[in-house]
Amino acid sequence: MARDLGLVPSTCLHILRVLVDEGLVAFDDHSKRYAVDIGILPIARSAIQRNSFATVIQPMLTGLSTGFGVTAIATQLVDRRHMVVLALSQARQPFRLSVDLGSRFPALISATGRCVAAFGSIDEATLRGWFDRLKWDNPPTFESWQAQLEQTRRDGYGIDRGEYISGVTIVAVPFFDAEGAVSRSMVAIDITEKMDALGVDRIAGEMLRMRDRAAGYLIGD
């Protein structure tokens with residue numbers, strides 16, 4: 001850890017001990033490993049509550065999950081390489097797909113990743129390098145993925161049909177920052193058979209309308 005962070009080992013150990021004392025990090029005596037502890041939860045909750053995007057998008061996610069019976073999430077890019085789940089709503093169904101608030105994913109994975117790549121300014125060599133490190137259940141070739149990016153540009157939303165997770169279809173609608181790059185997304189997730197029965201284009205159309213309504217509240221954010 002000290003090597004990765006470029007710290008003197010003794011300094012790193014001192015910081016970890018302080019974090020343990022504050023309840024932010026836990027130390028396992030048996031494995032000799034550190035892990036994030038529950039003390040981080042109030043900080044995370046406070047950060048989410050101050051995020052205007054999470055506040056605006058939450059009722060729309062609830063409407064999406066209630067109306068279609070799907071799991072609906074909102075993600076935000078935390079850097080060029082990663083996105084995090086900022087808000088979610090899970091349908092009240094006997095069987096539903098579960099996602100955890102705060103989950104972190106590679107920025108280019110799945111349907112949101114198609115949006116990030118399609119509407120971003122990442123050069124092809126960089127895209128290929130990042131793409132090669134992605135982990136899929138059914139990985140597409142880089143060439144077929146590029147064709148999907150073209151489709152994403154035409155449609156205005158991204159679709160992952162069982163490539164990231166077998167048997168699961170994921171639809172993502174992008175939110176753009178002031179420079180026109182994807183900064184956030186709204187996502188619907190469910191088993192492929194159900195999504196096809198509901199109509200992927202129908203779901204995506206409703207998500208685009210929700211995105212446009214939400215964008216009016218987020219001007220300058």
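This is a predicted model: local features need pLDDT of at least 70, side-chain atom pairs count only at pLDDT 80 or more; totals for chains, interfaces and linings use all residues.

**Exercise 1.** Find which residue pairs with Asp-79 in a salt bridge, and what parts of the chain the pair connects.

*Solution.* Start with the contact: the partner is Arg-104, with the closest N and O atoms 3.6 Å apart. Asp-79 sits in the loop between strand 3 (71-77) and strand 4 (82-89), while Arg-104 belongs to strand 5 (residues 104-106), so the bridge ties together parts 25 residues apart in sequence. Finally, check accessibility: Asp-79 has a relative accessible area of 34% and is therefore partly exposed.

**Exercise 2.** Decide whether Arg-114 and Glu-163 are buried or exposed, and describe how their side chains meet.

*Solution.* The two side chains form a salt bridge with an N to O distance of 2.4 Å. Arg-114 lies in helix 5 (residues 110-119) and Glu-163 in the loop between strand 6 (158-161) and strand 7 (168-176), so parts 49 residues apart in sequence are tied together. Now apply the cut-off for buried, under 20% relative accessible area. Arg-114 is at 0%, so it is buried; Glu-163, at 16%, is buried too. To finish, widen the view: a salt-bridge network links Arg-114, Asp-160 and Glu-163.

**Exercise 3.** Work out where Arg-184 lies and which side chain it contacts.

*Solution.* Arg-184 is in strand 8 (residues 182-191). Its relative accessible area is 12%, so Arg-184 is buried. A polar contact of 3.4 Å joins its side chain to that of Gln-76.

Note on methods. Residues are numbered from 1 along each chain as its sequence is written. Side-chain values use heavy atoms; hydrogens and water are left out. Helices (H or I, at least four residues) and strands (E, at least two) are DSSP runs, numbered from the N terminus. Buried means under 20% relative accessible area, exposed over 50%, partly exposed in between (1.4 Å probe, protein chains only). A polar contact is a pair of N or O atoms within 3.5 Å; within protein, one must be able to donate a hydrogen and the other to accept it, and residues adjacent in sequence count only if both atoms are side-chain atoms. A salt bridge is a side-chain nitrogen of Lys or Arg within 4 Å of a carboxyl oxygen of Asp or Glu.
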